[in-house]
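Please read them with the coordinates open.

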Amino acid sequence: MTCERYMAMTPSDPAVDPATGPAFSFGLFADSHYAEKVYGNRHCRDSLDKLRDCIADFNARNLPMAVNLGDSIDAVADKAMELRFLAAVREVTATFHGERVTVLGNHDLVTLTKEEFLRLYGAREPAYHSFDRQGFHFVVLDGNCRQDGSDFTPGNFHWDDAWISEAQMAWLARDMEIHRNMPVIVFTHENLDDRLWNDLPDPHLVRNAPAVRRIFERHGNVRAVFQGHHHDGPCATLRGIPYIGSAAMVVGPGRENNAYAVVSLESDGAITVEGFGRHRTLRIAAPSRDA
Ligand SMILES: [Fe+2]
Ligand SMILES: [Fe+2]
């Protein structure tokens, strides 16, 4: 199933069913890639203004949580300059009034280690973790590992050879078992669904994604997986689990090409993703009670 096959919404549609209401809403953005440069369709230098608009909107809506799906900064050769860009992104995102959730992206690790990025950005460590809010269990994954389970480190990884480590898989399986009776929402930068790219597996996919999906599918309680990394934000539904891609904030010039979303988790299990700028809007129906 592609994004277009979810129920399309027009701007005049109510974002949330008034009969059920949102149980929990949060802000979502991906791939800001901030740096003082432009290459291809990536207008990295415009991302600070886009981020300011995004965070101001989240604050105006009194959202309790904002999720950053990774690739906050873009690569530059000089580490000192990279640190200045990271500080600038942190300064803007720190103006958010609620809780900040950060997913690591491959671009965050071109000159910085995971520990450096997370500490300097003020993000929770380790990069993979989980937490409960308002009756939902949220899982943050880290796809920035090599096949042997070691971390991506500066100069020692390829973006298209990303894995979820065995240690993280074991942790995930235990975490999902413990929370088997709660609805689960997953955040990841590298993608965990399944698609082709020029007749080969899409390099935006984690290499061992099928094994991760089998863990998601064990208890029937994963409501959605939100993904960054693929800048078009493709979507898929696999074995009843929606994998929702976020359009990259960095694509396109100027504030008019912003991309972010407000996600509303409704009490009946439906999910609304209200997109702003280039981010798509979609609604995922509540799970069938007959299933
Ligand atoms: Fe990216
Ligand atoms: Fe990425």
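The points take the metal site, then a helix and a loop residue, then a sheet and the helices on it.

1. The model is predicted. Everything below should be read as computed from that model.

2. Iron ion (ligand 1) has four protein donors: Asp31 (OD), His33 (NE2), Asp71 (OD) and His231 (NE2), at 2.0 to 2.2 Å. Along the chain these donors are spaced D-x1-H-x37-D-x159-H. The angles subtended by the 4 donor atoms run from 88 to 176°, which makes the arrangement irregular. Aspartate 31 sits in the loop between E1 and H1, and histidine 231 in the loop between strand E9 (222–227) and strand E10 (235–238); the pair thus links parts of the chain 200 residues apart. Aspartate 31 and histidine 231 are both buried.

3. Iron ion (ligand 2) is coordinated by Asp71 (OD), Asn106 (OD1), His189 (NE2) and His229 (ND1), with distances of 2.1 to 2.3 Å. The sequence spacing of these donor residues is D-x34-N-x82-H-x39-H. The arrangement around this ion is irregular because its 4 donor atoms subtend angles of 89 to 156°. Water is not among the atoms, so sites may look incomplete.

4. What joins the two iron ions? Aspartate 71 coordinates both, and the ions are 3.4 Å apart. Aspartate 71 belongs to the loop between strand E2 (65–68) and helix H2 (79–93), while histidine 189 belongs to the loop between strand E6 (184–188) and strand E7 (196–197), so this pair ties together parts 118 residues apart in sequence. Aspartate 71 is buried, at a relative accessible area of 1%, and histidine 189 is buried at 0%.

5. Helix H1 (residues 47–60) has 14 residues, which at 1.5 Å a residue should span 20 Å; the end C-alpha atoms are 20 Å apart, in agreement. The buried residues in H1 are Ser47, Leu48, Lys50, Leu51, Cys54, Ile55, Asp57, Phe58 and Asn59. Their cover includes strand E1 (22–29), E2, H2, strand E12 (259–266) and strand E13 (271–277). After H1 comes asparagine 62, which has a positive phi near 55°.

6. With neighbours within four places in sequence set aside, histidine 43 contacts Lys37, Val38, Val250, Gly252 and Pro253.

7. An open sheet of 6 strands runs in the order E4-E5-E6-E9-E11-E10, with mixed pairing. Strand E4 (129–133) and E10 are the edge strands, each pairing on one side only. On average, neighbouring strands of this sheet are turned by 20° against each other, direction ignored.

8. E4 and strand E5 (residues 136–140) run antiparallel and are joined by 5 bridges. Within this pairing, histidine 129 has valine 140 in E5 as its bridge partner. Helix H4 (residues 166–178) lies across E4, E5, E6 and E9, and runs at about 175° to E5. Helix H5 (residues 209–216) also packs on the sheet, where it touches E6, E9, E10 and strand E11 (241–245). The direction of H5 makes about 130° with that of E11.

Notes. Residues numbered from 1 in each chain as written. Chains lettered and ligands numbered in written order. Predicted model: local features only at pLDDT ≥ 70, side-chain atom pairs only at ≥ 80, totals over all residues. Heavy atoms only, no water. Donors = N, O, S within 2.8 Å, 3.2 Å for Na, K, Ca; no water. Tetrahedral: all angles 85-135°; square planar, octahedral: opposite > 155°, others 65-115°. Helix = DSSP H or I, 4+ residues; strand = E, 2+ residues; numbered from the N terminus. Buried < 20%, exposed > 50% of the residue type's maximum accessible area, 1.4 Å probe, protein only. Expected span 1.5 Å × (residues − 1). Contact = heavy atoms within 4.5 Å. Pairing = 2+ DSSP bridges. Axes fitted to C-alpha atoms, helices over the stretch in contact; angles between N-to-C directions.
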